[in-house]
Amino acid sequence: MKNTITSCAAAALLVLAASLAGTASADEIDTIEARGTLICGVGSNTVPFSYIEDPQTRKNVGYDIDLCEAVAKTLGVKPELKFVTTATRIPEVQQGRVDLALASVTITPERQELISFSYPHLVTGTAIITPASRPMRALSDMANKRVSVIEGGLTGPAVSQKIPGAKPIGFVTPATAFLALEQGKVQAMAADETTLLGLMRSTPGKYAMFNEYLVLEKLGIGVHKERPKLLAAVNQTMLDMEKSGQAQVSYDRWFGANSPLKRKRNFTFSADMQ
């Protein structure tokens, strides 16, 4: 009798586990559809990824917003923005508080242990800017200098590793890291190239960018590791955007020919870019 009860209990547990697994798998899309919104973690003031262009409307626009809206359209729901920082963007995905992380998340093996990534949506590099009036144009010129970086990212360790004696100083947002440079609290700022270009465009000619990267980077959209259907929907949306030409239009608006940055697109949305 005892063995029979134990066997029945074990069987019940297996049925329950299978049921829960099936529910979790279904819920990753169903929950979003039932909610009616896709929650995207984005930066609050990161030009040209996510920022307020018109103070009257107070509406966030940018490259990341275009991607969020495209995936939301694929799923038949509305986009909902939640502001995250470099330090919180991955935990927000892990804890299910955002569906997608779209805040300049560089794809690395370490981060791939924590979350899943879409196909790369931007190929760029970690760069350094200094005041144009100062004769520093190479990484070797930055030895023992103070460099502002964004907290929680990979830039600080890269600065320490590649520039002898350099002192990375962390700030919560790109805007505050740039302000430190403007106020002379640091001699340089290191960040993603496109983020720096966005910050520099407000003061043309005042800052200069080094020709060499600290690190070559591929940025991806972060998704919870247990949400493969959502990841597949994101990747398919990106492929559809590439096929329709929407990907190029979005890039040109924020980085390329139709933007102040005039940066040539050297990648496509493709599985081959992984």
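Colleague: Which residues does Leu100 touch, leaving out those up to four places away in sequence?

Modeller: Leu100 touches Leu38, Ile39, Cys40, Gly41, Val71, Val93, Ile221, Gly222, Val223, Leu230 and Val234. Touching here means a contact, that is, heavy atoms within 4.5 Å. Keep in mind that this is a predicted model, where local features need pLDDT of at least 70 and side-chain atom pairs count only at pLDDT 80 or more, while totals for chains, interfaces and linings use all residues. Residues are numbered from 1 along each chain as its sequence is written, and side-chain values use heavy atoms, with hydrogens and water left out.

Colleague: OK, Cys40 is on that list. How do you know that Cys40 and Cys68 form a disulfide?

Modeller: Their sulfur atoms are 2.2 Å apart, and a disulfide is a pair of cysteine sulfur atoms within 2.5 Å, so the pair qualifies. A search of the whole structure finds one disulfide. The link of Cys40 and Cys68 is right-handed, with 90° about the S-S bond.

Colleague: What does the pair tie together?

Modeller: Cys40 sits in strand S1 (residues 37-42) and Cys68 in helix H2 (residues 63-75), so the link joins parts that are 28 residues apart in sequence. Helices (H or I, at least four residues) and strands (E, at least two) are DSSP runs, numbered from the N terminus. The chain has nine helices and 12 strands.

Colleague: Why is Cys40 called buried?

Modeller: Buried means under 20% relative accessible area, exposed over 50%, and partly exposed in between, using a 1.4 Å probe and protein chains only. Cys40 is at 0% relative accessibility, so it counts as buried. Cys68 is buried too, with a relative accessible area of 0%. Of the 274 residues of the chain, 48% count as buried.

Colleague: And what makes a set of residues a nonpolar core?

Modeller: The members must be buried Ala, Val, Leu, Ile, Met, Phe, Trp, Tyr or Cys residues, joined through side-chain atoms within 4.5 Å. The largest such core has 41 residues, and Leu38, Tyr63, Leu75, Leu100 and Leu230 have the most contacts inside it. Several elements each supply at least two residues of this core, among them S1, H2 and strand S5 (100-106). The largest share, eight residues, comes from H2. A second, separate core of 14 residues includes Ile150, Ala177, Leu181 and Met200.

Colleague: Where do nonpolar side chains tend to be in soluble globular proteins?

Modeller: They tend to be buried together.
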